[in-house]
Amino acid sequence: MNPFSPANHLLLVILTPLVGALAAWLLGSRGVSAVRQSAAVTTLITLAGAVLLILRALPEVTAGHAFAVSEGPWLVDGPFDIRFSLGLDGLSIWLFGLSALLSVTAVMVSWEAIKEKPVGFYILLLVLESAMLGVFAARDVILFYVFFEFTLVPLFFLIGIWGHDDRRRAAVKFFIYTLAGSVLAFLGLLTIVLWNASHTGTLSFDIATLTTGLAAHPLPMDAQGGWLQWWVFLALFAGFAVKVPIVPFHTWLPLAHVEAPTGGSVDLAGVLLKIGIYGFLRFSLPMLPEATAAAAPWILGLGVVGILYGALVALAQTDLKRLIAYSSVSHMGYCVMGIAALEPVAVEGATLQLINHGLSAAGLFALVGMIYERYHTRSIANLGGIAARAPWLAFMFLLFTFSSIGLPGLNGFVGEFMVLLGSFQRAWGGVAAEWRTPYLTMAVASVAGVVLGAWYMLWAVERVFFGASRQPPAHDHADHGHAAPSAAEHGADGGHGGHGGHGHSHAAAEPTDDLRWYEWVALAPLALFVLWIGLFPATFLGPSAVAVRTAMAPGAAAFAARMGAPHDASLPQTAQADAATILPGAAIVPSDPPLTAGLERIP
Amino acid sequence: MQSSAANLLVLVPLLPLLGAIGTVLLGRRLGPRAHIPAVAGIGAAAVVALLLLLGTAAQVGAGHGDPLRPAEPVEMITTLWQWATVGDARSGDLAGGLSAPVAPGAADSGGTFSIPIALRLDPLTATLLTIITGVGLLVAIYSIGYMHDDPGYPRFFALVAMFVFSMSMLVAASNFLLVYVFWEAVGACSYLLIGFWYTKPEAARAAKKAFLVNRVGDFGLAIATFLLWMTYGTLDFHDTHLADGTIVEGILGQIRLADEAGYVGGAVGTAICLLMLLAACGKSAQMPLHVWLPDAMEGPTPASALIHAATMVTAGIYLITRSAPLFVGCPGALTMVSIVGATTALVAALIATVQNDLKRVLAYSTISQLGYMFVALGTGTMLGFTAAIFHLVTHAFFKALLFLGAGSVMHAMGGVIDMRRFGGLRHVMPITAGTFLVGAFALAGVPPFAGFFSKDEILATLHAKAHPEAHGSDHAEAGSAGERPRDLAGGVGLVASVPVRPFRPGSMITRVSLSDAHDVSPEAHDVSPEKVGLDALDHPSTWRLLFWMSLLTAGLTAFYTFRAVFMTFTGPVRVPKEAGHHAHESPPAMTTPLLVLAGLSALAGLVLFVTNALSNFLAATPSLTAPAVARTAVPHVFHWDIAIQGTLAAAIGIAVAAIGHLGRRSDSPQLERYLGPLGTLFANKFYFDQIYAALIVKPLEALAMVTAFFDRAIVDGTVDAIGQVPLAWGSAIRRMQSGLVQRYALAGVVGVLAIVLALAWQLRP
């Protein structure tokens, strides 16, 4: 057996953090630096392994196949067929890579911040990494669920032990809320398994088998069948919606973020929130298409509400970390909207947006942690003028801010734009006449979120980074404090600048509090991907395209059958009428082919 | 030739980009010479842009001299890479969507959401590239003197080069999505330049305001882009010839341009145009989104010059000109462009009359002059579009000159810019004073300076719309000249022969009504049943009003310009004490650009008008070869009556300014005391900022507070209340927090198992 076979490679990548955790435990007696160094090395090795694996996987995955599939027997006695089955496909490949990437960031931002009980901290962080990698690689329902639950436990302790003042309440709330949701989701998944078993005779837990099985024997979506599909959908929705989180199931998130240590926030915002959307794409859309189609308008609505609601609440925050937590709620709204639009462009955009938000939110949370370490406050009112003291920190914050508010050329724009484009497309020609106005309204309203998003983020940037310094300088540079006002004076004297030797008179402007080397390691890779995805999104869109298409096809077909546009309508009727009356002979857009036509070709 | 031109075209944005990167990388090492990479990059780009302009002009060549002979469209496209491709993007499309017969306006002509990074070269782009890089270069050279010793010196030059790069890409992009990309990138650059002195709270606030107000405009462009995609099935300007021989019709491609019925009008078309107008209002600082521009002068003065003259504000003009075929199909939206422009021009001019801050006067004059360009665009005629670009060019020269002159004054006066504290500065800084005076003549529209000619063309095109009967003779000539068959499409020939008709708005997009009965007299369409809703605005009486508003604005412009000149440069010498030892003429790095711009401001208008070179050149821009635009071409004549009216207005304005301010101390009582409450209204800028604060900002902030409270008290409160039920039950073991959770986990698992068993029993095979 080839030890470097793709399947072994994948297993190795998932297990490496566990080995690292063991090493950290053994090195525990040697003190903080040995532990954190071993954790850093572990995450870097894991990242390298993951990158290699992704490079190996790209050709297969791009073609729409799963890669590195392994099928270890696990619990195959009796009627059960639960396998330790792993593999990557277009849906999971980038999320898998993101998990490995952000784990490095999570370790690096904890470098100086975690001095208390470091062994436990790094062990939990590495176990969390393993679980995150496992969730996206699992090809078996039970395995998926085990990894899914296993992400909760390390994070619960990370928040509960290394968190801030209100950490206990935050940890308990986070745990119970998400557990309650995921237990319901598990119930739904089991129902799917049992339904499939009742039709095929084998009790298979394999996700691919279940997907084809349910396509052949869909769960009943009528009164006769007890609306079973609908109930299963709601059960899955409960689990995934809490995880995303979809408004109004989001209130655990700001609390957990604010109280979590920076490393925990990075993983939470960067990866764990993505599992919700991933779940929708992996299970709800392909397995429960009719229920998804029936719920799509309402989920789309919740997505739009989330965008605007999250942005408005963010606007009222006084705590920088809380503001970014609510911005996550708002930005995840775009992902929700994208999958609910059930248009190829939108769903692909939403998939990319998962990665984008993972990068920008993780970067912003990491930066807030760095600010907190320096000035021991997160209150926007108590911060100010950081740009003068830490120009590169300010630059990075601005970069991730621009990424987050969707500035073109950076990653956030691509996903956002595709989601919005797809939503407009759905509203324009993809829904029945009576749904057109609500859909268009929702699409336009979500674009307004782009303006609100820029508002609260730039407001925060202005307060925290620009203007005169308000907070005392970082403790180890206390002697420079008196020079702070001169920076403000310099700005005020405007055009002619300080003639003569300001090099000495502007000591406060010296970048005394700027990024340290480990902070560069945490942020630079994220910044690189922010630019890469922004400039060459095709690199990342391509490999997921077929898998995303396949996953959404049943849902889109069901949607078209349920409330798609009638065959002869493309432009809004009013527009056609107007064009005809005002401009005789004006071009009337010919009708679209029926919506289902294109989907039949997708296997 | 094609490929070398393509390579050159790529260089125009690339060189400033490399300059910016070089400045960032080498800035610290170069120290006081950190400007070298940026200036070299922009300078080289300017040379390349000039070469491209000459090359394009040579290609257009044949069209010279006869404005009535429709020009052959000239364009060149070069595609760098595919940005994003989502094949079969519309779920409703068949894979064969691309090979389906291409129908005009068909949404299914391009089912693939494919965004090429494609650049284009045509007369409009070549003209703007030259202005952007040329004026950008002069501003950058000036900044060497102005910004010396600033601690952010390298950062400034990197940003200027980035700004030039973004703006060049904006005008060179051949795709609406790319335009949107650089539309926002320009906004980001301006954010960083306005907030350059970020320790100054006003600068940080002004930067944020500029970005947010622009974002409102971007909102419009985003939705317009979505609607364009939905309507035309592509976002490309140009036609794409696929490998399999099929053609994807671009929105502004030559096939669709030649097709009289190629564009969607009605509600959808009007919506697209109005959303684009919103976007243009944001970038070009037109009402109601003009509020960011006056505050933007918190940035360094060269940055203001760049924003006001070469980059940023011209983006809106460019967008509408480029989209001319879309706009001419929607007379209502087109008229709105003029109404917005004329109103903005007048309101901004009124505000400028009472400002005492020299840069603020210039800022409002920019808004006002951009309003002029909008008025011209809104006429929807060939003369209107070319006059707008003509004015854009001359304005770039004289406004850059005036801003840099103001910067020179500010530099010498120790950062003071309040005109009431100046006097007789012509004795202190003669070059600045002399060049500023040239700029003032150009802005005021005094013959033969540049502004006079471009403004005259704008007034002429308005007059033609207001008095169609008086200009009938022009059109008659046009008619007879245009009787010969035309082949606009350069060989595609979907419309083989369309006789040139008198311009009549209602019939522009129609294919059949050209032979209908109801087209002849201009009066006839007053009662035309086609005119409903917004389109009813397109009426000679509207245009008459707009003409008089513009003429009044011309007088006001001359007044406030010379008020500023007299206050600053004449009278007894008064220098504020902040000036210290700086009170002398600026260094050559600053005065040389002033002299060059003064030369251009003095001569460019005359040369371009007499030869009519710019208009003939622009007429070959594909967008302007659309039949609906091309048939409105009129002979190039000098309208003495309009020129006299415009000159009179300027003369009156200057005379009033002279009476009020010439030879007086600038802090003596001013003319505005005669204005009474109106003066207060003008001085407070018509209370726009206050109205927005009261109507939008405060309510939204209040809503945010309410939402946050709702989130805390209601949403989270409900969650906590539900959570209390089991917590009360488990209060006995509350002390052991983790134990509690484990118990819940256990309970959960037990519960799940129970349900699983029950289900398994139910569903057993």
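Visitor: Which residues does B:M276 touch, leaving out those up to four places away in sequence?
Guide: In this predicted model, B:M276 is in contact with B:G220, B:L221, B:A224, B:L319, B:I320 and B:S323.

Visitor: And which residues touch the most other members of the largest nonpolar core?
Guide: Those are B:M276 and B:A400, in a core of 494 residues.

Visitor: Which helix gives the largest share of this core?
Guide: Helix 15 of chain B, spanning residues 382-412, contributes 21 residues to the core.

Visitor: Changing topic, how are helix 14 and helix 20 of chain B packed?
Guide: Helix 14 (residues 358-378) and helix 20 (residues 540-569) of chain B meet at an angle of about 160 degrees, and their axes are 11 Å apart. Helix 14 of chain B is therefore roughly antiparallel to helix 20 of chain B, since angles over 145 degrees count as such.

Visitor: Which residues make that contact?
Guide: Helix 14 of chain B supplies B:L358, B:V361, B:S365, B:S368, B:Y372 and B:V375. From helix 20 of chain B, the residues include B:L546, B:S550, B:T553 and B:Y560.

Visitor: What classes are they?
Guide: The contact between these two helices has seven nonpolar and seven polar residues, with no charged ones.

Visitor: Now A:A556: is that residue buried or exposed?
Guide: A:A556 is buried, because 31 other C-beta atoms lie within 10 Å, and 20 or more are enough to count as buried. The residue is part of helix 21 of chain A, residues 538-563.

Visitor: How far apart are A:A556 and A:M108?
Guide: They are separated by 448 residues in sequence and by 42 Å in space, C-alpha to C-alpha.

Definitions and conventions. Residues numbered from 1 in each chain as written. Chains lettered and ligands numbered in written order. Predicted model: local features only at pLDDT ≥ 70, side-chain atom pairs only at ≥ 80, totals over all residues. Core = buried A, V, L, I, M, F, W, Y, C linked by C-beta atoms within 7 Å. Buried ≥ 20, exposed ≤ 12 C-beta atoms within 10 Å, placed from the backbone. Helix = DSSP H or I, 4+ residues; strand = E, 2+ residues; numbered from the N terminus. Contact = placed C-beta atoms within 7 Å. Axes fitted to C-alpha atoms, helices over the stretch in contact; angles between N-to-C directions. Parallel < 35°, antiparallel > 145°, perpendicular 65-115°, else oblique. Nonpolar A, V, L, I, M, F, W, Y, C, P; charged D, E, K, R; others polar.
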